[in-house]
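Subject: Structure handover

Hello,

Here is the structure for you to look over. My notes on what was found in it follow below.

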Amino acid sequence: ESFSRIKYAGISSTSQRVFFINLQEIRDLQFGTQNPVQYFDEFYEAELFMRLHGTFSVKITDPFKFYMEVIPREVITNNQKYTFEMPAIQQYNDEFVSELSTAFNQYSADGFRVSHIASKTREMGKYMADALDEDWNQLRGFQVLSVGMQAPSYDEESQQIINERSRMASQVSYLKDAANQQAYMAKSVGEGISGAGNNPGGAAIGFMGMNMAQNMGAGVMGNYMQNPQYGN
């Protein structure tokens, strides 16, 4: 027995240890990008910068490989508990975020609106599983199962662009309707008639401008009154 202990570094050759490895889905692993991710949105026609946050889940597919490649030796030696929330796992979080940025670049190239990304979580999970398969599944024995995305957090300039483009799009959509166009024109002409009398260029120019505005207003208002949608 003493000779056997020398051969096995002082440990009995017959000693055994039992390790329990969770093979169920491990959920609610949080991620976040420290630096803003760049995304070109064709709808807004602008480069947007945002920070991404959310959760993902993993599953251990090869317990022995996971034991050999992922769990630190000091954890094994000291019979400690090892979880995906420990600081040592930060490397995998960084790899996940890096590949996530690549996925966003691909979605941008495919023309997806940034506001629709939240609906692509299933596709995102599949993409991340495929992208990290070689590094995580084949080499370390675990893989990504799902990804949950929160709403992106935009920087100030990007948020201003989104607000301005959305306001303009709302106006364009409103003016596509013929009745709305006439109402808008009637309002604009009415404001012009009101302001014509205050023309600083003199009374003659002011009244001439008012007459022109009245003629324009008469035509527009005539069409306005003929529109059956305004019969009530």
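A residue is called buried here if its relative accessible area is under 20%, exposed if over 50%, and partly exposed in between. Please keep in mind that the model is a predicted one.

By that cut-off, F31 and F56 are both buried. Their ring centres lie 6.3 Å apart with the planes at 50 degrees, so the pair is tilted. F31 belongs to strand β1 and F56 to strand β4, and the pair links distant parts of the chain, 25 residues apart. Ring pairs also join F31 and F56 with F66, F84, Y92, F96, W136 and F142 into a cluster. The count of aromatic pairs comes to 14.

A further aromatic pair is formed by F43 and Y44, and this one is edge-to-face, at 5.0 Å centre to centre and 80 degrees between the planes. The two residues can be set against the cut-offs given above. F43 has a relative accessible area of 39%, so F43 is partly exposed. Y44 has 5%, so Y44 is buried. The ring of F43 also has the charged end of R113 over it, 3.8 Å from the ring centre. An arrangement of this kind is found at Y67 too, where the charged end of R73 sits over the ring, 5.5 Å from its centre.

Next, the sheet that holds β1 and β4. It is an open sheet of three strands in the order β1-β4-β5, with antiparallel pairing. β1 (26-32) and β5 are the edge strands; each has a single partner strand, so one side of each is left without a neighbour in the sheet. From one strand to the next the twist averages 35 degrees. Five bridges connect β1 and β4 in the antiparallel sense, and I26 has V58 of β4 as its bridge partner. Helix α6 packs on this sheet, where α6 touches β4 and β5, and the direction of α6 makes about 140 degrees with that of β5.

Q30 is another residue of β1. Its relative accessibility is 64%, so Q30 counts as exposed. Leaving aside residues up to four places away in sequence, Q30 touches G54, T55, F56 and N93. The C-alpha atoms of Q30 and E85 are separated by 8.9 Å, although the two residues are 55 apart along the chain.

On α6 itself: which residues of this helix are buried? In α6 (residues 133-140) they are W136, N137 and R140. These residues cover an arc of only 120 degrees around the axis, which puts them on the same side of α6. The background is that an α-helix has 3.6 residues a turn, so residues three or four places apart point the same way. The buried residues of α6 pack against β4 (53-60), α2 (63-69), α4 (90-109) and β5 (142-149). After α6 comes G141, with a positive phi near 85 degrees.

The remaining strands to mention are β2 and β3. They pair in the antiparallel sense over five bridges, with M50 of β3 as the bridge partner of V37. The two strands form a hairpin with four residues between them. In β2, V37, Y39 and D41 make up the covered face, while Q38 and F40 make up the uncovered one. In general, the side chains of a regular strand alternate between the two faces of the sheet.

Two residues deserve a look for their backbone angles. E45 lies in the loop between β2 (37-41) and β3 (46-51) and has a positive phi, near 55 degrees, without being a glycine. With a relative accessible area of 61%, E45 is exposed. N79 is likewise not a glycine and has a positive phi of about 55 degrees. N79 is located in the loop between α3 (73-77) and α4, and its relative accessible area of 57% makes N79 exposed.

Regards

Key:
Residues are numbered from 1 along each chain as its sequence is written. This is a predicted model: local features need pLDDT of at least 70, side-chain atom pairs count only at pLDDT 80 or more; totals for chains, interfaces and linings use all residues. Side-chain values use heavy atoms; hydrogens and water are left out. Buried means under 20% relative accessible area, exposed over 50%, partly exposed in between (1.4 Å probe, protein chains only). The arc is that of the directions from the helix axis to the C-beta atoms. Contact means heavy atoms within 4.5 Å. Two strands pair if DSSP finds at least two bridges between them. Axes are lines fitted to C-alpha atoms, for helices over the stretch in contact, and angles run from 0 to 180 degrees between N-to-C directions. Rings of Phe, Tyr and Trp (its six-membered ring) pair if their centres lie within 6.5 Å; planes under 30 degrees apart count as stacked, over 60 as edge-to-face and the rest as tilted. A charge sits over a ring if NZ of Lys or CZ of Arg is within 6 Å of the ring centre and within 35 degrees of the ring normal.
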